[in-house]
Each structure stands twice: as C-alpha cells, then as structure tokens.
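User: I am new to this structure and would like to learn how to read its features. Please begin with the packing of helices.

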Amino acid sequence: MSKVKCQMSIVMIKQQIQSDIKDAMKNGSQTVVDVLRMTMSAVNAKEKEKRYKLTQEDSEIKEAELMLASQLTDEEITLVIASEVKKRKDAIALYQQGGRPELADNEKKEIEILQKYLPKQLPLEELRKLVEVSIKKVEAVSIEDTGKIMAYLMPIVKG
C-alpha cells in the first residue's frame with residue numbers, strides 16, 4: 001500500500017478555467033484565451049512538480065494514484081493564480097518605469113481577467129477591524145506580539 005493518501009476533491013477552479021478557455025475561443029477573445037492558457041500552464045507545471053515530489057517520497061506509487069494525488073486543490077490553484085497576478089503587477093511597475101504605458105495597460109487587463117478566479121479582497125476598513133479584534137484576542141502589548149497576531153488572523157483572512 002502506498003504512503004500517499006489520495007483524496008477525491010472536486011477542483012472547481014481548474015474546471016472553470018478550462019470552460020472559460022473554450023468560451024473565449026468561441027467568442028474570439030484572444031487575450032482571454034492567452035491569459036487563461038498561460039495560467040493553466042502554470043497550474044500544470046505545479047502539478048508536475050507535486051507529482052515529482054510524490055515519486056521521490058514513494059517510488060512504488062501506482063500511476064493512477066499518483067495522478068490523483070498530484071492534482072492541485074482549489075486552494076493551491078488560487079495560490080498559483082495569485083502568483084500570476086503578482087508577476088503582472090511587478091511587470092506593470094517595470095513597464096511604467098521604462099515608459100511603456102501600453103504594455104502596462106495590457107498587464108492590467110490580464111490582471112482583471114485573473115481576478116475573476118481569486119477570492120474577493122477584504123475592504124481595508126474591515127481588515128483593520130479584524131486586526132484590532134485579533135490584537136485584543138491575543139492580548140498583544142508590543143511589536144514582539146506580531147507573530148501571535150498573525151497566527152490568529154491568517155486563518156480568518158486566508159485567500
């Protein structure tokens with residue numbers, strides 16, 4: 001029996017992206033197709049990386065079990081998409097620095113496409129309230145208590 005536990009999980013984000021690629025192709029939205037294909041490529045690369053690690057941990061794992069175990073969860077896919085957004089934000093800063101606003105605009109459009117697959121961001125005021133509650137809950141009194149605050153807060157605001 002393999003050391004790797006396989007769990008069936010419905011990967012909704014991945015299915016949605018694949019469906020949206022088909023729709024964009026039908027609608028002739030080449031930018032959307034390109035962005036989503038790049039995103040799927042990043043997801044597939046992460047799955048290959050995970051598959052490689054699993055084979056290193058258990059060289060006798062069966063192929064079907066390996067494929068199932070190496071599928072990314074929605075949470076992992078969200079992290080990949082967030083990484084893709086960050087890359088584009090970094091590119092925007094570089095393009096603006098280099099005097100290429102048209103390329104920065106393209107990156108902004110790509111971010112808008114990817115935002116659809118990320119959880120909604122908390123408004124700043126709501127986040128401040130959560131931080132204040134966290135400070136009271138962990139009874140933080142100095143900057144050294146930041147770790148405690150973050151440990152309490154991160155599961156609440158994850159994503």
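Analyst: Two packed helices are described by the angle between their axes and the distance between the axes. Here the axes of helix α2 (residues 30-57) and helix α5 (residues 101-115) come within 10 Å and cross at roughly 65 degrees. That makes α2 roughly perpendicular to α5, a term for angles of 65 to 115 degrees, whereas under 35 counts as roughly parallel, over 145 as roughly antiparallel and the rest as oblique. Axes are lines fitted to C-alpha atoms, for helices over the stretch in contact, and angles run from 0 to 180 degrees between N-to-C directions. Helices are DSSP runs (H or I, at least four residues), numbered from the N terminus.

This is a predicted model, in which local features need pLDDT of at least 70 and side-chain atom pairs count only at pLDDT 80 or more, while totals for chains, interfaces and linings use all residues. Residues are numbered from 1 along each chain as its sequence is written, and side-chain values use heavy atoms, leaving out hydrogens and water.

User: Which residues of α2 and α5 make the contact?

Analyst: Contact means heavy atoms within 4.5 Å. From α2 come Thr 31, Val 32, Val 35, Leu 36, Met 38 and Thr 39, and from α5 come Glu 110, Ile 113 and Leu 114.

User: At what angle do α2 and α4 pack?

Analyst: The angle is about 125 degrees, with the axes 10 Å apart; α2 and α4 are therefore oblique to each other. Among the residues in this contact are Ala 42 of α2 and Glu 84 of α4.

User: Is Glu 84 buried or exposed?

Analyst: Buried means under 20% relative accessible area, exposed over 50%, and partly exposed in between (1.4 Å probe, protein chains only). Glu 84 counts as buried because its relative accessibility is 7%. Not counting residues up to four places away in sequence, Glu 84 touches Ala 42 and Leu 114.

User: Which residues touch the most other members of the largest nonpolar core?

Analyst: A nonpolar core is a set of buried Ala, Val, Leu, Ile, Met, Phe, Trp, Tyr and Cys residues joined through side-chain atoms within 4.5 Å. In the largest one, which has 20 residues, they are Ile 13, Ile 17, Leu 36, Ile 77, Ile 81 and Tyr 117. The elements α1 (12-27), α2, α4 (74-97) and α5 each give two or more residues to this core.

User: What is the phi of Glu 139?

Analyst: Most residues other than glycine have a negative phi. Glu 139 is not a glycine, yet its phi is positive, about 55 degrees. Glu 139 lies in the loop between α6 (124-137) and α7 (146-157) and is exposed, at 64% relative accessible area.
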